[in-house]
Structures are given as structure tokens and as C-alpha cells.
Amino acid sequence: MAALNIEKGTSKHSAYDLRDPHVEAQETHTLAVVVDNEAGVLARVIGLFSGRGYNIESLTVAETDHTGHVSRITVVTTGTPSVIEQIKAQLGRIVPVHEVHDLTADGAAVERELALFKVSGTGNERIEALRLAEIFRANVVDSTLESFVFEITGTPQKVDAFADLMRPLGLVEIARTGVAALSRGAA
């Protein structure tokens with residue numbers, strides 16, 4: 001097989017970037033769905049995702065208005081822009097859904113996640129885990145002679161970074177709440 005005679009620096013593109021330029025890129029969106037708080041609503045919303053093969057990366061649900069019996073479902077999902085638009089349109093057609101907000105497309109939003117980390121270790125690993133927890137502003141919520149349970153609140157990226165640093169120090173278990181998000185500003 002003959003070598004290609006390509007001068008160094010003649011192309012701005014990598015030979016390994018073989019993606020089709022006509023295919024839409026995947027995007028991650030945070031959707032806030034306001035629904036009636038009644039039996040079966042969550043199952044119907046989730047059924048929409050599973051029935052069409054859409055992925056849910058994070059899901060948070062809680063009642064936000066006790067007197068009006070209204071709940072808020074915060075869903076983080078990934079898809080092409082056309083798939084995201086299709087998800088929003090289909091969510092809006094479900095009867096107990098009052099509003100669908102795309103917090104990613106609507107502008108700046110605040111996203112936070114709560115996570116608990118159980119880290120087991122002794123000696124230097126234990127000291128290093130405490131030092132890193134202080135840097136990340138994680139709180140110790142339980143402590144034994146063999147382990148700690150840390151509580152951390154922040155963006156999903158911050159929680160992921162903390163997990164990556166705790167793995168070599170004896171990370172045993174993680175519990176995450178999923179993303180809670182609100183749009184910034186007055187409206």
C-alpha cells in the first residue's frame with residue numbers, strides 16, 4: 001500500500017473526524033414540566049419517553065403547590081434539536097400537563113443536585129478524603145472509624161468531579177437526587 005503524499009499542515013480537519021456533517025448534534029436540555037399531582041401522571045410522562053426511546057439522564061419530582069395539587073417534574077434529556085422539540089410538543093399534549101419549559105433554551109438557569117457519598121478508608125486516604133471534601137464544600141453527615149458519608153450540593157459537573165476524586169480514596173456508594181432547576185430572572 002502506497003503512502004499518501006500529504007504535506008504537513010495542508011488540512012485543518014482531522015482524518016479521524018468521520019462524522020457526517022449533515023447529522024444534527026446531540027444536545028442536553030433541562031425541561032420543567034408542571035403537572036397535576038394525581039395518580040398516574042408521572043407514569044404517563046415517563047411512558048412518553050420510554051415508548052419513543054428517549055433517554056432520561058435525570059428526573060426530579062415534587063409537589064410545589066399543596067393547595068392547588070400541582071407538581072413539578074424536572075427532566076434532563078439528550079437528543080437532537082428536532083427530537084427535543086418533539087419531546088416538548090408531546091409533553092404539552094398530555095392532559096394533566098399545565099406547562100412545559102425548556103430551561104436550556106429559555107436562557108440562563110440555575111441547576112443544582114444533592115448527592116451523598118460513602119467513602120471507606122483509613123490513614124492517608126481518610127485524611128485526603130476530608131481535605132478534598134473541604135475544598136468542594138462537602139459536609140460530613142456521618143462518620144465511623146472506617147468510613148464517612150459526605151453530602152455535596154452543586155452542579156452535576158461538580159458532583160461528577162467530586163466522585164472522580166473520591167474513587168481512588170475508597171468510594172463505596174453514591175446516592176444522587178437528580179437535577180433541580182429554575183430559570184434566572186424575574187419571569
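Modeller: Happy to! Helices (H or I, at least four residues) and strands (E, at least two) are DSSP runs, numbered from the N terminus. My pick is L91, which sits in helix 2, residues 81-92. This is a predicted model, with residues numbered from 1 along each chain as its sequence is written. Local features need pLDDT of at least 70 and side-chain atom pairs 80 or more, totals for chains, interfaces and linings use all residues, and side-chain values use heavy atoms, without hydrogens or water.

L91 counts as buried because its relative accessibility is 0% (buried is under 20% relative accessible area, exposed over 50%, partly exposed in between, with a 1.4 Å probe and protein chains only). What does L91 touch, leaving aside its neighbours within four places in sequence? Its contacts (heavy atoms within 4.5 Å) are L31, V33, V45, L48, F49, V97 and V100. One of these partners, V45, lies 46 residues from L91 along the chain, yet the two C-alpha atoms are separated by 7.0 Å.

For contrast, have a look at L42. This leucine belongs to helix 1, which covers residues 41-52. L42 counts as partly exposed, because its relative accessibility is 35%, whereas L91 at 0% counts as buried.

Now let's step back to the whole chain.

(A pocket is an open set of points on a 1 Å grid over the protein atoms alone, where a 1.4 Å probe fits, with protein on both sides within 12 Å along at least five of seven lines; lining residues have an atom within 4 Å of a point.) Its lining comprises 14 residues, and E57, S58, V76, P156 and V179 are the ones nearest the centre. Two or more lining residues come from each of strand 1 (27-36), strand 2 (55-65), strand 5 (109-120) and helix 4 (156-166). Strand 1 contributes the most, namely three residues.
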